[in-house]
Amino acid sequence: MNKDRKLLEEDILRLYREPIVGANYTNTYGEENLVNLVNKYRGLVPEEMEFMRELVAGYSQSPDLASSYVSVGVLHALGFNEQVDEAYAWAQSQDNSGQITSHFDIGKSLADHFISG
């Protein structure tokens, strides 16, 4: 991985971690993370967008529930329905599929509420 991609990946990961989901009232469910990630994506050049889409799609199938449902929200906000469907299909294969899919629904609702066009 080249240096620019590594820096971009680190920046994207930071947006997942900061602020901490649930740490304050304005980020109870990762609202700020979701908005920051969508804004980051929209500010990238096409090659970087593709790289970020691939990263976020991968994180949408992560056992880390916060990362996965924020990722589904980001994908939903950006109109990547195929990747959202793939995340739901992955969730159905997990032991705690009901919990995961209900969190995915939360991520999509957050995107609908906090992301404009």
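Student: What share of the accessible surface of the protein chain belongs to carbon and sulfur atoms?
Tutor: This is a predicted model. The accessible surface of its protein chain comes to about 6400 Å². Of that surface, the share belonging to carbon and sulfur atoms is 50%.

Student: How many positive and negative side chains are there, and how far apart do the centres of the two sets lie?
Tutor: The protein chain has 9 positive side chains and 18 negative ones. Between the centres of these two sets the separation is 6 Å.

Student: Which pattern does the protein chain follow along the sequence, and why is it called as compact as a globular protein of that length?
Tutor: There are 6 helices and 0 strands, and read along the sequence the pattern is α-α-α-α-α-α. For 117 residues the globule rule gives 13 Å, and the chain is as compact as a globular protein of that length because its radius of gyration is close to that, at 13 Å.

Student: What span should helix 6 have, and what is the distance between its end C-alpha atoms?
Tutor: Helix 6 covers residues 97-114, which is 18 residues. At 1.5 Å a residue, helix 6 should therefore span 26 Å. The distance between its end C-alpha atoms agrees with this, at 25 Å.

Student: Which residues of helix 6 are buried, and what covers them?
Tutor: Buried here means under 20% relative accessible area. In helix 6 the buried residues are Ser97, Ile100, Thr101, Phe104, Gly107, Leu110 and Ala111. Their cover includes helix 2 (31-42), helix 4 (65-77) and helix 5 (81-92).

Technical notes:
Residues are numbered from 1 along each chain as its sequence is written. This is a predicted model: local features need pLDDT of at least 70, side-chain atom pairs count only at pLDDT 80 or more; totals for chains, interfaces and linings use all residues. Side-chain values use heavy atoms; hydrogens and water are left out. Helices (H or I, at least four residues) and strands (E, at least two) are DSSP runs, numbered from the N terminus. The radius of gyration is taken over C-alpha atoms; the globule rule is 2.2 Å times the number of residues to the power 0.38. Accessible areas come from the Shrake-Rupley method with a 1.4 Å probe; for residues, only the protein chains shown count as cover. Lys and Arg count as positive and Asp and Glu as negative; His and the chain ends are not counted. The place of a charge is taken as NZ of Lys, CZ of Arg, CG of Asp or CD of Glu. The expected span of a helix is 1.5 Å times one less than its number of residues. Buried means under 20% relative accessible area, exposed over 50%, partly exposed in between (1.4 Å probe, protein chains only). Contact means heavy atoms within 4.5 Å.
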